[in-house]
Amino acid sequence: MNKVKIDTEYITLGQFLKAADIISTGGMAKWFLSEYNVFVNGEQDQRRGRKLRAGDQIEIPDHGTYIVTE
């Protein structure tokens, strides 16, 4: 499981994708979320503004499983 460390209270799903090096620019987030299934804590979510906090688990089939840490 890959860890993504944040220094703020939360990070949006779009920002997370960039921080985890899944996408190269923030502008790719909308496209990525429309093309790939993303599961946040076991539930599918395609909202790039979804707030992720420490302890949240993100699973992207064929890309890996990630956890947000402080």
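The structure is a predicted model: local features need pLDDT of at least 70, side-chain atom pairs count only at pLDDT 80 or more, and totals for chains, interfaces and linings use all residues. Residues are numbered from 1 along each chain as its sequence is written, and side-chain values use heavy atoms, with hydrogens and water left out.

**Overall fold**

Two helices and seven strands make up the secondary structure of the protein chain; helices (H or I, at least four residues) and strands (E, at least two) are DSSP runs, numbered from the N terminus. Along the sequence their pattern is β-β-α-α-β-β-β-β-β. The radius of gyration is 11 Å, close to the 11 Å that the globule rule gives for 70 residues, so the protein chain is as compact as a globular protein of that length. This radius is taken over C-alpha atoms, and the globule rule is 2.2 Å times the number of residues to the power 0.38. Along the principal axes, the C-alpha atoms fill a box of roughly 30 × 25 × 20 Å.

Of the 70 residues, 33% are buried, that is, under 20% relative accessible area with a 1.4 Å probe, protein chains only. Among contacts (heavy atoms within 4.5 Å) with a separation of 6 or more, 43% are between residues 24 or more positions apart.

**The sheet**

An open sheet of mixed pairing holds five strands in the order S1-S7-S6-S3-S4. Two strands count as paired if DSSP finds at least two bridges between them. Strands S1 (2-5) and S4 (43-44) stand at the edges with a single partner strand each, so one side of each is left without a neighbour in the sheet.

Strand S6 takes part in the two pairings below.

| Pair | Residues | Sense | Bridges |
|---|---|---|---|
| S6 and S7 | S6 57-60, S7 64-69 | antiparallel | four bridges |
| S3 and S6 | S3 39-40, S6 57-60 | antiparallel | two bridges |

Towards S7, Ile60 has Gly64 as its bridge partner, and Gln57 stands opposite Ile67. The covered face of S6 carries Ile58 and Ile60, while Gln57 and Glu59 are on the uncovered one. S6 and S7 form a hairpin with three residues between them, and Asp62 in the turn has a positive phi of about 70 degrees.

Technical notes: Buried < 20%, exposed > 50% of the residue type's maximum accessible area, 1.4 Å probe, protein only.
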